[in-house]
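Here is a briefing on one protein model. Look over the sequence and the structure first, then read the notes by topic.

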Amino acid sequence: MKIAIAGDSAGAPLVTAIEMHIRTQAHHEIVNLSASGFYADIAAHVAKEVIKGNFDRAILCCGTDRKSTRLNSSHANISYAVFCLKKK
């Protein structure tokens, strides 16, 4: 399975941890599409890559989760899920 992963600078620690874990799974290929800039722009780029068929799945990490819910409404062919972690 080919998986894209990306996040903004606030989501970078989570992107790194998930990417390192998935790289240990021999049956998955993961490509980090993170870039500097606004999370919404990064998410839109990744969603388009999935829709075009360049990736089977994608993982998006946002450090604030304030804008991530927009992705679901802007890309009709994308299913969206989110989980929250309690800050210590």
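Of the 88 residues in this protein, 27% count as buried, meaning under 20% relative accessible area with a 1.4 Å probe, protein chains only. The model is predicted: local features need pLDDT of at least 70, side-chain atom pairs count only at pLDDT 80 or more, and totals for chains, interfaces and linings use all residues. Numbering starts from 1 along each chain as its sequence is written, and side-chain values use heavy atoms, without hydrogens and water.

**Overall make-up**
- The protein has 3 helices and 3 strands, taken as DSSP runs (helices H or I, at least four residues; strands E, at least two) and numbered from the N terminus.
- Their pattern along the sequence is β-α-β-α-β-α.
- Of the contacts (heavy atoms within 4.5 Å) between residues at least 6 apart in sequence, 66% join residues at least 24 apart.

**The sheet**
- The 3 strands form an open sheet in the order β2-β1-β3, with parallel pairing; strands pair if DSSP finds at least two bridges between them.
- β2 (29–32) and β3 (57–61) are the edge strands, each pairing on one side only.
- On average, neighbouring strands are turned by 20 degrees against each other, direction ignored.
- Strand β1 (residues 2–7) runs parallel to β2, joined by 4 bridges.
- Isoleucine 5 has asparagine 32 in β2 as its bridge partner.

**Helices on the sheet**
- Helix α1 (residues 12–23) packs on the sheet and touches β1, β2 and β3.
- The direction of α1 makes about 165 degrees with that of β1; axes are lines fitted to C-alpha atoms, for helices over the stretch in contact, and angles run from 0 to 180 degrees between N-to-C directions.
- Helix α2 (residues 39–51) also packs on the sheet, touching β1 and β3.
- The direction of α2 makes about 175 degrees with that of β3.

Note on methods. Buried < 20%, exposed > 50% of the residue type's maximum accessible area, 1.4 Å probe, protein only.
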